[in-house]
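Dear colleague,

Please find below the structure that I am handing over to you. My notes on it follow directly after.

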Amino acid sequence: MTVLILFIILTFLGFSSQAQNFTCNSNDLDALNAFAHLLESDFDGWDFNSSSPNCCAWAGITCDSPPSAAVPARVVKLELCGRRLSGDISESLGNLERLKTLNLSRNFLKGSIPLSLLHLPELEILDLSYNDISGSFPSSINLPSIRVVNVSENSIEGGVPVGICSNSSKIRALNVADNRLVGVLPIGLGNCTSLEELGLATNFISGALPEDLFRLQNLSKLFLQENDFSGQLSPLIGNLSNLVRVDLTLNEFSGDLPDVFDRLVRLSYFSAQSNGFTGGIPTSLANSPTITWLSLRNNSLGDTIVLNCSAMVNLVSLDLATNQFRGKIPENLPSCPKLSMINLAKNFFQGQVPDSFKNFESLTSLSLSNSSISNLSAALEVLQHCRNLTTLVLTLNFQDEIMPDYPSLKFVRLKTLVIANCRLTGNIPQWLSGCRNLQLLDLSWNRLGGSIPPWFGNFSFLFYLDLSNNSFTGNIPKELTEIKSFISGNVSMVEPSPDFPLFVRKNQNGLKYKRAISFPPTLELGNNFLTGPIWPEFGNLKRLHILDLKCNNLSGSIPITLSLLTSLETLDLSFNNLNGEIPRSLSKLTFLSNFNVAHNDLTGPIPTGPQFQSFPNSSFDGNPGLCGDHGFRPCPDNGNVPHLSAGKSKKTRGITIAMGVGIGAGTIILVALVCLIVLCSCKRKVVDPENEDADNREKNLEEISSLVILCQNKENNKEIFLDDLLKATDDFDQSNIIGCGGFGLVYKAVLPDGRKVAIKRLSGEYFQIEREFQAEIETLSRAQHPNLVLLQGYCKYKNDRLLIYTYMENGSLDYWLHEKIDGPSSLDWETRLQIARGAARGLAYLHQSCEPRILHRDIKSSNILLDEKFEAHLADFGLARLILPYDTHVSTDLVGTLGYIPPEYGQAAVATYKGDIYSFGVVLLELLTGKRPMDIGRPKGCRDMIAWVIQMKREKRETEVVDPFIYDKQHAQEMLTILDIACLCLSENPKTRPCTLQLVSWLDNIDSVSSLHPS
């Protein structure tokens, strides 16, 4: 037996050696040589300089076996996937006449597909996916042996290449997804009679589906998602009896779904979410015995939900959220034997969770958010019997009910529980202590009271706890510092997580949602009535990313041990009663990107370092005892005071007494002189009334009283006083707050003359707001442009500094992109482009036309305000400093906002015009992607928007970064041009960034921009 095995091995090695000794056909060698020479990147492994090059032994090449060694071998496979090749594909590859497999996928190849490749008589597999190939398919395609064509993830334009079906009856898979194909889907695909898989996803294909598509009897996978297909889905789809997977997501289909699913006897996956389908669920679909994954989310389906669970024996996932279903939650869902994930959120149900759910043994994930159900006690009593339930989301239901506290309630396997924004009263129930497998608990935005129970410290897997915006009292339980997942455990959501969004938090602008898998390790206790200290033991929570304790009544000092939280990204301790110094060691927290200790009683120096320099001044407001950076007074230099020895104490005491007497006498004399000067000054004013007008004319900013100085509408002679502003804002009532600027709150008001205005009330230590007040007036009084916010007036009274601006009806760009629920969908591409153009014009005026020229230095989406017509206006010049003609082009007073700060600012504290350009590039990416520059709520690899976009661009996946709300196919090229402009603005080398005039030119002529070359 051993001898036989040895013989087989030696025979195989002999054949292998013989195969490598085949000589390469000269025509094939020439073709490969021409291909290699056209590549822009070096490719190791092919030696053309050898005296007798044998391509059959080269990497990525397979040759056939000729009948004898005298006959040269022919190349039959060329497989160079993921070799980082760049350059054009040579027409010479068409000379590989015996080629059966060509795989050049996942490279950086560009140019068009060579015509010769589409006429290879023996080619069976053509894979050019994940490159940057452009151009369009030629009308002439002749591939009689082809079985697989994959050109997905490129930039191919034109129409769908249905001509490939004319002479290619053997083709089984055609994948042209993620390109730039346009127009209607023409007739012709019906000739691909062997086709099993058709991928047209993520293109710009429009119109109705052609009838010949429904002649493909062998088709098993049909991917049409993310296009512009419209009209009704034809009942002819029932002819495709072998369909297994169908995805129609994100199109414009409308009307009723055809009732033909009984003919799709193999259908397992059907997604039609985010279309315009109406009517009810077709009877045949509601009786499908093969369907396992059904998603009809985000349509306009209505009526009651009727599913035949006795027939739907394979249904696992059901997503009917965001529709118009009414009536009661179906009682028969537990009869679906395999149904485990259900999302019925955002519908219009009545009543409560059915009692039949007690028998729902297969259920693992359930979301009923915002579905108008009631009776939380009954719901929990029923759902506790779902023994496999791991995810339960009940947000925005049960309004004003009491949190049930029945000791008998048990949820043994529950991992995610969200009962937020229900205005529940009562306490945290004792039964929760039995949910020892909890990973994520959100009870925020209710009215729960009492103390936070200590048994949370026993939860080994809990990594997200949000109890914010309630009415909890007492101390923070020290046991929270013992939660194992925050200390050293695995703190990620166990896969697979359900495919539906979870409520995150509510603010004045609405709700925010995200998937469970992206939640960072978090402890949210803000906006309660908690008292006592912040425990030093919080320093043990090394895996914690977010610690939010704001708006409580916490006291004592900030523990120095917080500097041990090496993973911390957000620390918010604002609006408490904390005292002492800010620990300097907090500057060692390299991941800390959001920090706030405003409105406490802190004293001493503000820590320095890269992190703390990037935090806004508002993070330290309301602490008059602080000193150092961020506009506070300089800290006293105590380091040079000499220490006196005991031997000199008597002499020192004598000197001290003498100095005291001298200083006291000098002070008395100085006070007397000041009083004399004041009396003389007053006498002169009384006896010389003729100088009164001259004195008034000489009043400067420091002498302005409660009179409001109006910069505009000077023809209106009616004076406005501080009392008018107080009346217009209801004494600066919180209900009139419309925003927060760099140094204070912004209020909406209506002046006595009927004008709507925004009043910025500056806050902070006096020196800081005085500098802000002076800078803003000086800057805005010079800067007058349609795309800059207009200063209407100002008022200085005692320690109050008020700036009066034109009111912007539509708030900030940040609000529309990141806060307002329907904001992103309301800003179509034309509107976003209009905003970019307006902001660019405003910035160009500041940089080029204004005299003196101005650096803005805090360009960001929250500083771009929108009027009633969504015209952009640059706002918040509190960070601007004038660049006088005789000054240099830089400013060393460095400020800005994290996510918008150019990389060079970290190396030298120098602000430049090109720094503003960098920040503007970030705003362009916000407009394009709809994402924040920094989002710690997203997975780690995607938190930095700029790095993520650059990486996607490097992988030739540019279209995936575009906000799906604006992914309008007819503007695709404009979007990609904006992406290129943004990337130029974000260049690491400031010298290669464009100037503002170039930005204005490019944006105004976006349709005709052929190349981008910054001067």
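Of the 1015 residues of the protein, 51% count as buried. Please keep in mind that this is a predicted model. The accessible surface comes to about 44600 Å², and carbon and sulfur atoms account for 53% of that area. The secondary structure consists of 16 helices and 51 strands. Among the contacts with a separation of 6 or more, 57% are between residues 24 or more positions apart.

I then turned to the aromatic residues. A search of the whole structure finds 20 aromatic pairs. In one of them, the ring centres of Tyr269 and Trp293 are 4.8 Å apart and the ring planes meet at 15°. Planes under 30 degrees apart count as stacked, so this pair is stacked.

A second pair shows another arrangement of rings. The centres of Phe357 and Phe360 lie 5.2 Å apart. Their planes are at 85°, so the pair is edge-to-face, a term used for angles over 60 degrees. Both Phe357 and Phe360 are buried. Elsewhere, one aromatic cluster is formed by Phe35, Trp46, Phe48 and Trp58.

Which residue lies over the face of Tyr269? It is Arg245, at 4.0 Å from the ring centre. Tyr269 thus has two partners described here, since its ring is also stacked with that of Trp293.

Finally, I looked at a pair of helices. Helix α15 (residues 972-985) packs with helix α16 (residues 996-1004) at an angle of about 170°, and their axes are 11 Å apart. Angles over 145 degrees count as roughly antiparallel, which is why α15 is described as roughly antiparallel to α16. Which residues meet where these helices pack? On the side of α15 they are Ile978, Ile981, Leu984 and Cys985; on the side of α16 they are Leu999, Trp1002 and Leu1003.

Yours sincerely,
A colleague

Note on methods:
Residues are numbered from 1 along each chain as its sequence is written. This is a predicted model: local features need pLDDT of at least 70, side-chain atom pairs count only at pLDDT 80 or more; totals for chains, interfaces and linings use all residues. Side-chain values use heavy atoms; hydrogens and water are left out. Rings of Phe, Tyr and Trp (its six-membered ring) pair if their centres lie within 6.5 Å; planes under 30 degrees apart count as stacked, over 60 as edge-to-face and the rest as tilted. Buried means under 20% relative accessible area, exposed over 50%, partly exposed in between (1.4 Å probe, protein chains only). A charge sits over a ring if NZ of Lys or CZ of Arg is within 6 Å of the ring centre and within 35 degrees of the ring normal. Helices (H or I, at least four residues) and strands (E, at least two) are DSSP runs, numbered from the N terminus. Contact means heavy atoms within 4.5 Å. Accessible areas come from the Shrake-Rupley method with a 1.4 Å probe; for residues, only the protein chains shown count as cover. Axes are lines fitted to C-alpha atoms, for helices over the stretch in contact, and angles run from 0 to 180 degrees between N-to-C directions. Angles under 35 degrees count as roughly parallel, over 145 as roughly antiparallel, 65 to 115 as roughly perpendicular and the rest as oblique.
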